[in-house]
Amino acid sequence: RPPVRRERCGGHAASPARRDPLSNVRASRIFCTTGGYLARGSSGRYELARLATALNAAVGVAPDAKDTYDNTDPGFCGVAGTMGHPELAAAIRSSALCLLVGTRLPVPTRAGLETSLADRTVASIGVAPPYLPTIHATSTDLSRTLADLADALDDGRTGSEHVPAAQPPTSLRVPASSGPGLRYRDVVETIDAALPEGTDVFADAGNTGAAVVHHLRVPRDGRFVVALGMGGMGYAFGAGIGSAFARHARTDGVRRTIVIAGDGAFYMHGMELHTAIEHALPVTFIVLNNNAHAMCVTREQLYYRDRYSFNRFRPAHLGSGIAAMFPGLPAFSVHTVGDLGAALRHCMETEGPSFLSIECDPDEIPPFLPFLTTVEQSRNPR
């Protein structure tokens with residue numbers, strides 16, 4: 001058995017019920033949240049699915065762990081935290097126990113959920129205890145620990161029977177936008193519909209990352225990586241290219257990698273696409289071009305009364321520029337949803353790299369809870 005150590009943390013009393021929170025799971029609804037520790041491993045997804053079935057659990061994911069659980073499974077209730085979904089908060093409120101798997105619940109993952117979590121028994125399994133009070137079991141091998149738990153709780157219902165795909169979780173309501181270009185939700189949902197199974201997705205920081213985390217359902221058998229750390233802008237270009245080197249070859253064909261970033265991130269590290277071109281890697285670079293550091297523009301509007309801006313750019317035609325710079329590279333400038341769908345189909349059929357520039361509105365507010373809460377408070381001041 002893997003090394004597992006149970007601990008008391010956050011001042012919980014060591015009562016018998018709290019020492020064994022899974023002892024009466026058959027009578028309770030369980031909610032399970034997975035995190036980046038599991039996502040960064042090469043295994044554990046199958047074991048997590050078995051455990052969720054054994055517990056009859058609803059499952060939510062941290063923003064950096066969208067690929068740990070099938071996003072089309074009926075038990076999937078979306079993303080936690082600042083880019084999260086209402087279904088997830090509702091699942092916590094209706095549960096007797098919340099089980100954390102491989103997440104410490106940092107602020108971006110727990111934002112908006114603190115009250116609901118405080119009213120529930122919370123247990124955790126992972127390398128380190130969460131930042132909130134929990135009943136914690138330390139595991140240095142989550143895959144084996146999850147398998148052991150699934151074995152212990154399996155009552156014969158953990159087979160691979162087919163179940164219909166669930167509808168996407170409910171999207172956060174954002175203020176209407178009247179500026180130029182496409183809307184984030186339309187862009188991401190069109191991309192979602194075009195991605196085949198096994199596609200790896202790398203999302204960069206900013207409004208683009210928030211929209212992708214919130215709206216995109218990760219393709220089955222694909223990986224998902226998002227730049228959430230300090231100085232993350234531009235990270236997705238090198239990360240996606242590096243992953244494509246290692247993962248593009250599959251027994252049943254070629255695995256495509258998608259990099260989705262904003263124009264600000266592109267200006268930082270986007271010329272790494274030259275590497276993908278030289279090595280003919282199957283990477284599609286999708287740049288949402290709003291001629292701005294748009295998340296910073298939104299901050300200026302919401303928190304500094306739009307008195308100034310250092311984050312709006314002069315217009316740039318990225319698709320045309322990249323096409324001129326790299327003859328032979330399929331490069332597109334997209335202005336409508338129809339154009340985007342057609343361009344994506346072409347990119348999916350292209351053996352090597354491709355590039356899309358999508359015109360977007362710098363003033364559109366993304367599905368990002370801190371911004372939306374501020375907007376709501378400004379409309380309904382106390």
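**Close-up views of a predicted model**

**View 1. The surroundings of Asn 291.** Asn 291 touches Asp 263, Arg 312, Phe 313, Arg 314, Pro 315, Ala 316 and Glu 359, where residues up to four places away in sequence are not counted; a contact means heavy atoms within 4.5 Å. The model is predicted, so local features need pLDDT of at least 70 and side-chain atom pairs count only at pLDDT 80 or more, while totals for chains, interfaces and linings use all residues. Residues are numbered from 1 along each chain as its sequence is written, and side-chain values use heavy atoms, with hydrogens and water left out. Asn 291 lies in the loop between strand S13 and helix H13; helices (H or I, at least four residues) and strands (E, at least two) are DSSP runs, numbered from the N terminus. With a relative accessible area of 17%, Asn 291 is buried; buried means under 20% relative accessible area, exposed over 50%, and partly exposed in between (1.4 Å probe, protein chains only).

**View 2. The whole chain.** The chain contains 16 helices and 15 strands. Of its 382 residues, 52% count as buried. Among contacts in the chain with a separation of 6 or more, 75% are between residues 24 or more positions apart.

**View 3. Helix H8 and its buried side.** Helix H8 spans residues 184-194, and its buried residues are Tyr 184, Val 187, Val 188, Thr 190, Ile 191 and Asp 192. These buried residues pack against helices H9 (206-215), H13 and H15 (337-349), and against strands S12 (257-262), S13 (283-289) and S15 (354-359). Because Glu 189 and Arg 185 are four residues apart in helix H8, about one helical turn separates them. Glu 189 counts as partly exposed at 37% relative accessibility, and Arg 185 is partly exposed at 42%.

View 4. The structure holds 11 salt bridges. In one of them, the side chains of Asp 70 and Arg 220 meet at 3.0 Å, N to O. This pair links distant parts of the chain, 150 residues apart: Asp 70 is in the loop between strands S3 (58-61) and S4 (76-79), and Arg 220 is in the loop between H9 and S9. Asp 70 is partly exposed at 27%, as is Arg 220 at 39%. The side chains of Asp 363 and Arg 312 also meet in a salt bridge, at 2.6 Å, N to O. Asp 363 is partly exposed, with a relative accessible area of 33%, and Arg 312 counts as partly exposed at 39%.

**View 5. Two aspartates with positive phi.** Asp 221 has a phi near 70°, a positive value in a residue other than glycine. Asp 221 is found in the loop between H9 and strand S9 (224-226). Asp 221 also belongs to a network of salt bridges with Asp 200, Arg 247, Arg 250, Asp 252 and Arg 255. Asp 306, likewise not a glycine, has a positive phi of about 55°. Asp 306 is placed in the loop between H13 and H14 and counts as partly exposed at 42% relative accessibility.

Terms used
A salt bridge is a side-chain nitrogen of Lys or Arg within 4 Å of a carboxyl oxygen of Asp or Glu.
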